[in-house]
Amino acid sequence: MTLIIPIFVLAMTNTFQTDHTETRRSDFKETLHGREMADPYRWLEDANSDETKAWVQAQNKVTFDYLANLPDRKAIAKRFEELYNFEKFGTPSYIAGKYFWNYNSGLQNQDVIYWAKKISGEKKVLIDPNTLSNNGTVALSGMSISDDGKRLAYAVSRGGSDWKEWYVRDIETSKDLEDHIEWSKFSDASWDHQGNGFYYSRYDAPKVGTALQEQNFYQKLYYHRVGDHQANDKLIYERKNQKEWGIGGTVTEDGRFLVLPIWKGTNRENQIFYKDFNDKSGKVVELIAGFDAQYTFLGNFGHIFYFQTDKNAPLGKVISIDVREPMNRKEVIPQSKQALEGVSMTGGRLFANYLKDAYTQIKVYDLSGHFERDVKMPGIGTGGGFDGRRDDRFTFYSYASFDTPTTIYRYDIDSGKSEKIFQPKVKFDPSKFETKQVFYKSADGTRIPMFISHKKGLKLDGTNPTLLYGYGGFSSAMTPFFSPSRLLWMEAGGVSAVACIRGGSEYGKAWHDGGKLFKKMNCFQDFISAGEYLIEKKYTSKPRLAIQGGSNGGLLVGACMNLRPDLFAVCLPEVGVMDMLRFHKFTIGWAWTSDYGSPDKKKDFEYLLKYSPLHNLKLGTKYPATLIITGDHDDRVVPAHSFKYAAQLQYCQSGDAPVMIRIETQAGHGAGKPTTKIIEEIADKWAFALHNLAYKLPSGFGR
């Protein structure tokens, strides 16, 4: 059948009205666990079919025509470009007498990587990703510098894909060698101690007709010697009987060991194997087996390995293991009252990054676990870095908050003194804004933290356009971050709120476990309660409340809209997981069963069906204005999720609010997106949201 979507957009005096016929609905049905399930838009899963391509083109025509005619879009785009146009610095690394860091002058599509022998001396371009393609669709997606500071292994991804291709560059000459590695994904590169080659993970090159899902099984660890063809790379480790295992490889700083983290999907729990290069047998030893807890390798001193773990410590701790006596495990830093988010081992110290109600606290310990000092952060924000080698006397760290762009500090390890070395200048006045942290109760009485940012002197009269953001999954914490797009929202008179709902790591393993599997509904209730709190406290009202989230956060938005379509005026689900009955059948989707459960299991299926955004849309319901966003090359959360969801939502919508899908071409899950596309997308989202919140920009906006 030929797909025809005759949609037209009428410009009205104060609003825009959309009218469209339904996307073709097939009569496809299948029986799952004894239930007959209709899937009328199954055909949209084939992104390469002519019918799907025509559907994408038709939907985009309507969406982009609508967005282009929104009255405030041009002003939003202009002001966002001004706010986004500031210098951006990355945290430097110091390797073999050279400093390496990334830098963006303001509106460059991608950061440029520089190096210098002095941090304030003459800098040289190591790699400029902006020169890799004419349209900015080739992105730098990984890099590793050899211990001698002479060679760079770097990876690029094309069109937003998760697949990486590795190359090797001579640092002094900035010339690429002939090396080229394909079919790598979810992998870093780790150089051997001599700088002759590196370890990396990849999958087999797919055969013609191989399903996308099958391309993401049986990851293997290889060693690539510089100058060799990839076909000659040495296979280091594989498990033919464990198709879901991911296998990484990290060479220890002393060059003595190869540490192999073994992961399975998105489970926190992992295994640790290792290979001793002095052992002529070449065997791989299973040091920590069984997937009983999370173990993150921090470094070693000889045979003593250090790990961050949540084994018998849901908030996290640091242990050491003598690999000659694997059961000889010592507690180095015991569990604290705060969640241990990360640890780095630098300069003979352990830098422990704790979360106190979702913001950073850094504590410094010696290698025996003796507390030395706190690193004073500039405020309630997010700090990170503190990387380096065991003999370094200084390190670098970053700090950012909702009103402070990422600022870089140099830290003297012996004295404990910090020195600010890079501070961006953004075209806004931070003194005009404020951020507060509040706590509210979810439906079951759980205390949830939330950050609320806005202009100082904001009137709490219920009229403020409010943007509520959340994620709630995969142990990912929502800590303070700097966002020019949210600054713009606040400049316009809006409120920006970030809810730290369950499913993240804000309070350790228990917080994550409280929002996954058969407790996933807690995430949605936490988020809904955040919206109710904002209304109760007069920050906003239902006609002025918008919600936003991406990936797992897109699922969050879709599920909450279904549960409470009356509570929100605008919904912005981005690259969301919307079909909870088939997510595991696409690319790497099978890995998410650790958080969601498996639709192939009846009990899991029944629970997933209760909240699946696609399957809980109801015909004849008045849904909020919705702008669904995806990329046509997203090979993590495939666009079929958003395609099918958009078609069903348009079919079910009985109200006047627009339901649209914005499909970015030559784009993936979000990483590596060119600056030009970022500016366009933000202008579209905020213009759509403010217009459908019936809010006009104040006079003099942006000045």
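This is a predicted model: local features need pLDDT of at least 70, side-chain atom pairs count only at pLDDT 80 or more; totals for chains, interfaces and linings use all residues.
Which strands each supply at least two residues of the lining of the second largest cavity? The strands in question are E3, which covers residues 29-32, and E4, which covers residues 35-38.

Let me stay with that cavity for a moment. A search of the whole structure finds 3 cavities of 30 Å³ or more, and the second largest cavity has a volume of about 50 Å³. Its lining includes Glu30, Leu32, Met37 and Ala38, and among the other lining residues are Asp579, Leu581, Arg582 and His615. If we sort this lining by class, we count 4 nonpolar residues, 1 polar residue and 5 charged residues.

Strands E3 and E4 come up again when we turn to helix H8, residues 602-611, because the buried residues of H8 pack against E3 and E4, and also against the helices H5, H6 and H7. The residues of H8 that are buried are Asp604, Phe605, Tyr607, Leu608, Leu609 and Tyr611.

Now to the open space. The largest pocket holds about 950 Å³, and its lining is made of 36 residues, with Ala47, Asn48, Leu212, Asp632 and Asp635 lying nearest the centre. By class, those lining residues divide into 13 nonpolar, 11 polar and 12 charged. Several elements each give at least two residues to the lining of this pocket, namely helix H1 (50-68), the strands E11 (151-158), E12 (164-170) and E13 (175-184), and helix H9 (640-652).

Why do we call H9 largely enclosed by the rest of the structure? The reason is that 12 of its 13 residues are buried, and the buried ones include Ala640, His641, Phe643, Tyr645, Leu649 and Cys652. The buried residues of H9 pack against helix H1, helix H6 (552-563), and the strands E40 (570-574), E41 (625-631) and E42 (659-664).

Is Thr346 buried or exposed? Its relative accessible area is 1%, and Thr346 is therefore counted as buried, for which the cut-off is under 20%. The side chain of Thr346 reaches the backbone nitrogen of Gly388 at 3.2 Å. Leaving aside neighbours within four places in sequence, the contacts of Thr346 are Phe351, Phe386, Asp387, Gly388, Arg389, Asp392, Thr395 and Ile413.

I will finish with two backbone angles. Ala358 has a positive phi of about 80°, although it is not a glycine, and it sits in the loop between strand E28 (349-356) and strand E29 (359-366). Leu517, which is also a residue other than glycine, has a positive phi near 50°, and Leu517 is found in the loop between helix H4 (509-513) and helix H5. How does accessibility look for these two residues? Ala358 is buried, with a relative accessible area of 0%, whereas Leu517, at 29% relative accessibility, counts as partly exposed.

Notes. Residues are numbered from 1 along each chain as its sequence is written. Side-chain values use heavy atoms; hydrogens and water are left out. Buried means under 20% relative accessible area, exposed over 50%, partly exposed in between (1.4 Å probe, protein chains only). A polar contact is a pair of N or O atoms within 3.5 Å; within protein, one must be able to donate a hydrogen and the other to accept it, and residues adjacent in sequence count only if both atoms are side-chain atoms. Contact means heavy atoms within 4.5 Å. On a 1 Å grid over the protein atoms alone, a cavity is a set of points where a 1.4 Å probe fits but cannot get out, and a pocket is an open set with protein on both sides within 12 Å along at least five of seven lines; lining residues have an atom within 4 Å of a point. Grid points are joined across faces, edges and corners, and a volume is the space filled by probe spheres set on the points. Helices (H or I, at least four residues) and strands (E, at least two) are DSSP runs, numbered from the N terminus. Ala, Val, Leu, Ile, Met, Phe, Trp, Tyr, Cys and Pro count as nonpolar, Asp, Glu, Lys and Arg as charged, and the others, Gly among them, as polar.
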